[in-house]
Amino acid sequence: MKSKNTENIKEILKQCFGKEKNERYNAIAMLIVFGLFLTIAIIIARIDPASSTTQNQKPQTTTPPPTNITPKPTDHVEDIEQNTGDYEINYSYLYTFNLNGVEEVITGKRLDTKEIFTIINNNGSTEYAKLSDNYLKKENGKYQLINKPSMNLNYSDLEPLLEILENLPPSLNLNQYSYSVPTSMLLKEYYPESTQAVPTETYNSVIMTRNNNTIERLDIDYSNFYSFLTGTISTYTATMEFNNIGTTEDFIIKVD
């Protein structure tokens, strides 16, 4: 009886997996094998929960949300004062001043406390230099000590303005920071020894354009401030453009 059963089993295996297998039997056998494999896998998973627990405890990798960084309006001075070589302050500039329709252009370079610049106005074009607080005029290839050659240079000094802007809240539109600057604050910063008082507060416009946390341009309207200083109704504006920040090349100022 046993041998007969054995022969039947062999015949079934032959029909399922032999060279001359029966397609119907082979399909049935494959279904049975797959069912047995699935049953064994389920039993193992239930008996060994440690592997499942370990898999569940595996840290999941998530992509952090993008962070939008808004430039702080309190770091204006550092924007211009880039560290490059031996110079903390390093930039080139183009300033355009307009007083009651009369235009004057000042273009130059600044490295720390020294500058070379050219003033272009109705009188022509003249080269100058500045060492600390001393102004010099270029004559015959050398610089001679002179008084301040233009009133506009009072406002080409950025430190007083940046000091004021650090204490004022701007309104932001894309990369432009707009400020309303009180005349009294300008008077205090630009003329600290003045005994004048502003009887009725007026305001002046300053728009700062920034790119990658670097100041690219200042659009200034000091009309109310200048009108107060002169006692006459005046229009006084300035555009200050900055470039080669941190990459302006060194220069020599030859003085007798």
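Partly exposed here means a relative accessible area between the buried limit of under 20% and the exposed limit of over 50%. I looked up E241 with that in hand: at 29% relative accessibility, E241 counts as partly exposed. I'm working from a predicted model.

**Salt bridges**

I stayed with E241 and found its partner, R217, with the closest N and O atoms 3.7 Å apart. E241 is in strand β11 and R217 in strand β10 (residues 214-221), so this pair ties together parts 24 residues apart in sequence. R217 is partly exposed too, with a relative accessible area of 31%. D219 joins in as well: R217, D219 and E241 are linked in a network of salt bridges.

I then checked the total, and the count comes to five salt bridges.

D250 lies in the segment after β11 and K114 in strand β3 (residues 114-121), so parts 136 residues apart in sequence are tied together. Is K114 buried or exposed? K114 has 16% relative accessibility, so I put it down as buried. I also noted that the charged end of K114 sits over the ring of F251, 4.8 Å from the ring centre.

The side chains of E127 and K138 make another salt bridge, 3.5 Å from N to O. That one links strand β4 (residues 124-131), which holds E127, to strand β5 (residues 134-139), which holds K138, and the two residues are 11 apart. I have E127 as partly exposed at 40% relative accessibility, and K138 as partly exposed at 33%.

**Rings**

I moved on to the aromatics and got 17 aromatic pairs for the structure. I opened Y95 and F242: ring centres 6.0 Å apart and planes at 75°, so the pair is edge-to-face. Y95 sits in strand β1 (residues 90-99) and F242 in strand β11 (residues 236-243), 147 residues apart. Both Y95 and F242 are buried.

Y155 and Y190 were my next stop, with centres 5.0 Å apart and planes at 75°, so I logged an edge-to-face pair. Y155 is in the loop between β6 and α5, and Y190 is in helix α6 (residues 183-190), so the pair ties together parts 35 residues apart in sequence. Y155 and Y190 are both buried.

I traced these residues into a cluster linked by ring pairs, whose members include Y95, Y155, Y190 and F242. I also found the charged end of R210 over the ring of Y177, 5.3 Å from its centre.

**Last look**

I finished on T230, in helix α7 (residues 223-230). Its side chain makes a polar contact with the side chain of T232 at 3.0 Å. T230 is partly exposed, at 36% relative accessibility.

Conventions
Residues numbered from 1 in each chain as written. Predicted model: local features only at pLDDT ≥ 70, side-chain atom pairs only at ≥ 80, totals over all residues. Heavy atoms only, no water. Helix = DSSP H or I, 4+ residues; strand = E, 2+ residues; numbered from the N terminus. Buried < 20%, exposed > 50% of the residue type's maximum accessible area, 1.4 Å probe, protein only. Polar contact = N/O pair within 3.5 Å; in protein donor to acceptor, adjacent residues only side chain to side chain. Phe/Tyr/Trp six-rings, centres within 6.5 Å; stacked < 30°, edge-to-face > 60°. Lys NZ or Arg CZ within 6 Å of the ring centre and 35° of its normal. Salt bridge = Lys/Arg side-chain N within 4 Å of Asp/Glu carboxyl O.
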